[in-house]
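Please read it with the coordinates open.

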Amino acid sequence: MATKSGQGIRRRHETRLDSDYRQSFSLDVDRILHSRAYARYIDKTQVFYLIQNDHITHRVLHVQLVSKIARTIGRFLRLNEDLIEALALMHDIGHPPYGHAGEDALDEVARDVGGFSHNQFALTLVEELERRYSAFPGLNLSSEVLEGQRMRVDKQAAASRPLLEAQVVDTADSITYNAHDVDD
């Protein structure tokens with residue numbers, strides 16, 4: 001069953017920007033799109049790095065394709081497309097530069113403190129490091145978007161029934177990733 005937007009207005013902080021005419025997850029999409037972390041997608045490559053080739057997949061294109069594929073699947077299944085878009089736009093926001101080699105290097109350096117996970121770092125970015133409001137840290141995203149990202153952090157410990165929208169984004173991510181690996 002689709003996650004209802006009207007039931008998804010559970011944020012840590014109430015703000016004047018929350019509106020009666022825009023759905024909760026649509027606001028989350030805009031908050032993610034206008035974040036500094038999202039803007040940093042533009043120069044990050046998906047797999048390869050330091051290659052002078054305009055045809056290598058950059059992370060921003062990967063994320064947009066995941067969003068497009070996931071929304072198409074979600075529309076067919078009658079799921080919440082705004083929630084899907086928010087989850088898709090956020091799903092790789094914690095990736096460091098230099099493709100997967102950058103994540104491997106950070107993981108090795110941080111091994112003594114539990115390692116590095118781009119999925120966990122995405123949560124840290126949107127809950128603590130982004131500064132959009134003077135009264136509190138983070139982007140103040142809905143609990144469903146945060147829950148969907150937490151599923152990505154530890155799929156084994158994820159709720160026994162993760163949101164269908166999060167499952168669709170995860171599937172679309174795999175489809176997109178595998179297709180572009182072959183191309184690259």
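1. Where is the place of arginine 78? Arginine 78 sits in the loop between helix 3 (59–77) and helix 4. This is a predicted model, so the points below should be read as comments on a prediction. The phi of arginine 78 is near 60 degrees, a positive value in a residue other than glycine. Most residues other than glycine have a negative phi. Arginine 78 counts as exposed, at 72% relative accessibility.

2. Asparagine 140 is placed in the loop between helix 6 and helix 7. Is asparagine 140 buried or exposed? Asparagine 140 is buried, because its relative accessible area is 6% and the cut-off for buried is under 20%. Arginine 78, by contrast, is exposed at 72%. Please look at both loops.

3. On the overall fold: the chain has eight helices and zero strands. From the N terminus on, the order reads α-α-α-α-α-α-α-α. Of the 184 residues, 46% count as buried. Among contacts between residues at least 6 apart in sequence, 65% join residues at least 24 apart. The accessible surface of the chain comes to about 10500 Å². Carbon and sulfur atoms hold 51% of that surface.

4. Next, the core. Which residues touch the most other members of the largest nonpolar core? They are Ile32, Tyr38, Met90, Ile93, Leu141, Val145 and Val169, out of 33 residues in that core. The elements giving two or more residues to this core are helix 1, helix 2, helix 3, helix 4, helix 6, helix 7 and helix 8 (164–183). Helix 4 gives the most, with seven residues.

5. Helix 4 spans residues 81–90 and is mostly covered, with seven of its 10 residues buried. The buried ones are Leu83, Ile84, Ala86, Leu87, Ala88, Leu89 and Met90. Met90 is also among the residues that touch the most other core members. What caps the N-terminal end of helix 4? Asparagine 80 does: one of its side-chain oxygens lies 3.1 Å from the backbone nitrogen of aspartate 82.

6. Helix 1 (residues 24–33) is mostly covered too, with eight of its 10 residues buried. The buried residues are Ser24, Phe25, Ser26, Leu27, Asp28, Val29, Arg31 and Ile32. Note that the list includes Asp28 and Arg31. What covers the buried residues of helix 1 includes helix 2 (36–39), helix 4 and helix 7 (143–153).

7. Tyrosine 38 is one of the residues touching the most other core members. Leaving aside neighbours within four places in sequence, tyrosine 38 is in contact with Ile32, Leu33, Val60, Val63, Gln64, Leu89 and Ile93.

8. One is alanine 122, which lies in helix 6. Alanine 122 is buried, with a relative accessible area of 0%. Not counting residues up to four places away in sequence, alanine 122 touches Met90, Ile93, Gly94 and Gln149. The C-alpha atoms of alanine 122 and glutamine 149 are separated by 7.9 Å, and these residues are 27 residues apart along the chain.

9. The other is glutamate 127, also in helix 6. Glutamate 127 counts as buried, at 16% relative accessibility. Which side chain does a polar contact of 2.9 Å join to that of glutamate 127? The partner is arginine 150.

10. Last, the aromatics. How many aromatic pairs are there? The count comes to one. Phenylalanine 116 and phenylalanine 121 form a tilted pair, 5.8 Å centre to centre, with 50 degrees between the planes. Phenylalanine 116 is buried, with a relative accessible area of 19%. Phenylalanine 121 is partly exposed at 29%.

Key: Residues are numbered from 1 along each chain as its sequence is written. This is a predicted model: local features need pLDDT of at least 70, side-chain atom pairs count only at pLDDT 80 or more; totals for chains, interfaces and linings use all residues. Side-chain values use heavy atoms; hydrogens and water are left out. Buried means under 20% relative accessible area, exposed over 50%, partly exposed in between (1.4 Å probe, protein chains only). Helices (H or I, at least four residues) and strands (E, at least two) are DSSP runs, numbered from the N terminus. A polar contact is a pair of N or O atoms within 3.5 Å; within protein, one must be able to donate a hydrogen and the other to accept it, and residues adjacent in sequence count only if both atoms are side-chain atoms. Rings of Phe, Tyr and Trp (its six-membered ring) pair if their centres lie within 6.5 Å; planes under 30 degrees apart count as stacked, over 60 as edge-to-face and the rest as tilted. Contact means heavy atoms within 4.5 Å. A nonpolar core is a set of buried Ala, Val, Leu, Ile, Met, Phe, Trp, Tyr and Cys residues joined through side-chain atoms within 4.5 Å. Accessible areas come from the Shrake-Rupley method with a 1.4 Å probe; for residues, only the protein chains shown count as cover.
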